[in-house]
Amino acid sequence: MGNVTGSVAARLAFFPPEPATYRVSREQDGRVVVSGAGLSEDRDLVAHVLETKGGNRIVATFWKHTFARFTLLYSHGNAADLGQMHDLFLELRAHLRVNIMSYDYAGYGASTGKNIDKIRHVDCPVLVIHGTNDEIVDWSHGKRLWELSKEKYDPLWVKGGGHCNLEAFPEYIKHLRKFLNAMEKLSITGETNKQPTHDPSDTEEEHKHNKCLRFGLR
């Protein structure tokens, strides 16, 4: 997106599915229920509606796995909502044996607002995956997100990957497994014992300089 400002870039990248692919309702016992075409009933899915400081109501979902090792906070792409992520979350939960926490941005799905709430980087290990051929959100945005992460893990730049097809690349699930294995080792020993992934935009000199950042989880 070159030299355009962050606010303009945010507007250009605002593509929520319309209409939303799911709806939320509240049962008499207070439970929030997510339903919609193509969404199977899942007793291990817990939904919440969260209020932001800006007055928006954000829908968040927690996909429980009975034997989960970790909880994966998943921020989906800008052209999807939680309803469209349903099948992928079921697959990731089963194959990776994790809980999955996800949410819809303001203005997406059943979340209210106009996407003006800022998402704060969180104080936990961050894995950034981005396609090098993404024509909707340029790859440079993923790189910048990784640079701003407080606790870095080797990013995955999917060569030839677009905006909505990264799950189709075999390295996607492999890298997720590698990330979870590293987190498991970190929780036990405090070490990841892993080699840094080369950033294709780095020169060799920059790569040497950034080595310490790529081991930021230690």
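Angles under 35 degrees count as roughly parallel, over 145 as roughly antiparallel, 65 to 115 as roughly perpendicular and the rest as oblique. The model is predicted, with pLDDT of at least 70 needed for local features and 80 or more for side-chain atom pairs, while totals for chains, interfaces and linings use all residues. Numbering starts from 1 along each chain as its sequence is written, and side-chain values use heavy atoms, without hydrogens and water.

Helix H2 (residues 86–96) and helix H4 (residues 170–189) pack at about 50°, their axes 11 Å apart; H2 and H4 are therefore oblique to each other. Helices (H or I, at least four residues) and strands (E, at least two) are DSSP runs numbered from the N terminus. Axes are lines fitted to C-alpha atoms, for helices over the stretch in contact, and angles run from 0 to 180 degrees between N-to-C directions.

To the contact (heavy atoms within 4.5 Å), H2 gives Leu88, Leu92, His95 and Leu96, and H4 gives Tyr172, Ile173, Leu176, Arg177 and Leu180.

The second largest pocket holds about 440 Å³ of space. A pocket is an open set of points on a 1 Å grid over the protein atoms alone, where a 1.4 Å probe fits, with protein on both sides within 12 Å along at least five of seven lines; lining residues have an atom within 4 Å of a point. Volume is the space filled by probe spheres set on the points, which are joined across faces, edges and corners. Of its 19 lining residues, Val32, Val33, Val34, Asp42 and Leu45 lie nearest the centre. E2 gives the largest share of this lining, 4 residues.
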